[in-house]
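This report covers the domains, the chain contact and the nonpolar core of one model. The sequence and structure come first.

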Amino acid sequence: MMIYADGLLWLLLSVFLGVESIRLGLGVPASPGSGFIPFLLALCLFALSSLLIYQTFSRRKSRHEGPRLGADVFCIFCPLLLYIPLFKTLGYLLATFPLMLFLFRVMGTKPWGWVLFGAFVSTLLSYFFFGYILNLNLPSGLIG
Amino acid sequence: METIGNLLGGLQIALQPVNLSYCFLGVTLGTLLGVLPGIGPLGGIALLLPLTYSMNATAAIILLAGVYYGTQYGGSTTSILMNVPGEISSVMTCLDGHQMALKGRAGAALGIAAFGSFIAGTAGTIGLMLIADPLTQIALKFGPPEFFALMVLGLVILTSISKGSIIKGLIMAVVGFGLSLIGIDAMAGRERFTYGIVHFTSGLDLGPIAIGLFGVSEVLMNMGESVKMSVANIGSKIRGYLPSLKDWRDSIMPISRGTVVGFLVGTIPGGGVLLASFISYALEKKFSKHPEKFGTGIIEGVAAPESANNAASSGGFIPLFTLGIPSTVIMALLLGALMIHGAQPGPLFLSLHRELFWGVVASMYIGNLMLLILNLPLIPLWVQLLRIPQRILSPLIILFCILGSYSVNNNVLDVLVMMIAGLAGYILRKNQYEVAPLCLAFVLGPIMENSFRQSLILSNGSFMIFTTRPITVAILFIALLLLAYGGFRRKKEQNPRIERSRSDLKNVSQGGVELP
């Protein structure tokens, strides 16, 4: 069933897009409404996803179960998601330093001294470069 | 005469200290991105795009264009020294370039790559200068149906030449088009797919999506793969960057042919630098008196593809500036940058934004010269940079991705959009979906929708408008043929013998760069 997952996902998306397009109003070809183009896209997506499912079905014997997504990728992604609320509340420096600590460590830098040094320097230099030289309005959070 | 006057005017703009600095910064960053495997021109331009929002349009495009053609130069260094293409367009350079390096001729290979790139890049810029104006005159005759058909053609070409299933490529294009519809419908003034999120009313920004799809997903893709760096043996002994007279005699025709082929391929929407280097390498092998020596370390095998990819990078600007059609995803990002700065590429671009066009063209001459100067004496420095391990580069790239997407609107929601795009890009790429058509369709979406709706309004609702205008019919017919060819090519590729020969060639790119 997993091998059909992407085809089914696109199929569901096409149905959703079609329903939303009708809600937006299709108009008439001479005066297309806001939903006109999305509806045509939904039809295209429906046709393409059906073809994809058919193609997967007809080749299922010769195909493997599909690629494995790296678990370590999701281990990185969760702290990145956590970083977003911290970025606003704690501020750039306080939120970025632990994130960089984590990223350097998890991506293979072994000695803790180097990890600390890398995180410290990259956080500070990026703050200086983007905040001062490029004038980017980075949140100062608790420090500010 | 008028062209020379315009060019001189352009030189005045390009030589202004600010623009000159951005040109230098662009080509230096471009070379750096080309040298370092892991992040190519797409990721680099995507990262820099938000930072250009506060610049004027000319400076921004000079910087981004510099990054683009700079990567074409830099990519050859990694290919020759490490047999790992720093940039996808340098895959063919690995074949002979690395063999030359193993024979102790790394200096000559790097030298001819730099000189060939310079000659081709400059010739390509002359071509751009000469062809853009006449093509604009033709494009002025185009109406909405022709533009819609051209954009369909661009999408079809990109989908048909990209690797993997053509159906998956088309799905990506539809999804990209759909994402571009989020926000206010410009014709009806009505919100679409925003679901009450105020941030989305002005639509999704290209910056965070491109950074996520090409920057973050690239880092995630590289995580499981170890890039074997073995530069030490060759890197310390490089000498003799100036090619000998014999090298020049052997290379001059490959450089000339590579330039012409690369430029022509670059002008075709969807053509791109990779296809240009492939075709020119194959062509040289055909023209050669000793085709069996290709792949053993001959200088023609370096000169031709390196010239072709640089000429193609200049040629790619022609459809962008004259028709408003990006020939590759990188051009789509540049189109986005131009639009953000209020300069809409298309037939009126040359008359409305003359200074911008000629300023960028002139900066390309200067940039190519800078690259020649940068590439030869600084090779030892680039070699040192190659020793920076991926475990240090990857966290830094993620940090730049965060800062790049935040800088779009100083809004943390853009960082979230970037991360979601990054994860989506990773999952899609792992499932053999190409994200390039998604990005191109995202940029072209609003223009395509407008052209399509305007066409229908013009014809009073008749879809026959797309089948009765000769230019539209011709363009759509070519698109259909290409789609059929793409399907046929994939069927042929399933032949086990061809698969085997492809996997042999794939061994060249040990760094995980895949052939199309």
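## Domains of chain A

Domain bounds here are taken from an automatic or database domain assignment. The model itself is predicted. For chain A, the assignment gives domain 1 as residues 2-58 and domain 2 as residues 71-133. Taken over C-alpha atoms, the centres of domain 1 and domain 2 of chain A are separated by 40 Å.

## Contact between chains A and B

Chain A gives 47 residues to the contact, and chain B gives 44 residues. On the side of chain A that touches chain B, at least two residues each come from α1 (5-24), β2 (31-32), α2 (36-58), α3 (71-89), α4 (92-106) and α5 (112-133). The largest share of that side, 10 residues, is supplied by α2(A).

By residue class, the side of chain A that touches chain B has 30 nonpolar, 13 polar and four charged residues.

## The largest nonpolar core

The largest nonpolar core holds 195 residues. Those with the most contacts inside this core are B:Ile61, B:Leu64, B:Leu334 and B:Cys439. Helix α6 (residues 106-139) of chain B contributes the largest share of the core, 16 residues. Chain A takes part as well: domain 1 (2-58) and domain 2 (71-133) of chain A both give residues to this core, so the core lies between them.

## Around B:Cys439

B:Cys439 is among the residues with the most contacts inside the core. Leaving out residues up to four places away in sequence, B:Cys439 touches B:Gly176, B:Ala210, B:Leu213, B:Val329 and B:Ala332.

Notes: Residues numbered from 1 in each chain as written. Chains lettered and ligands numbered in written order. Predicted model: local features only at pLDDT ≥ 70, side-chain atom pairs only at ≥ 80, totals over all residues. Core = buried A, V, L, I, M, F, W, Y, C linked by C-beta atoms within 7 Å. Buried ≥ 20, exposed ≤ 12 C-beta atoms within 10 Å, placed from the backbone. Helix = DSSP H or I, 4+ residues; strand = E, 2+ residues; numbered from the N terminus. Contact = placed C-beta atoms within 7 Å. Nonpolar A, V, L, I, M, F, W, Y, C, P; charged D, E, K, R; others polar.
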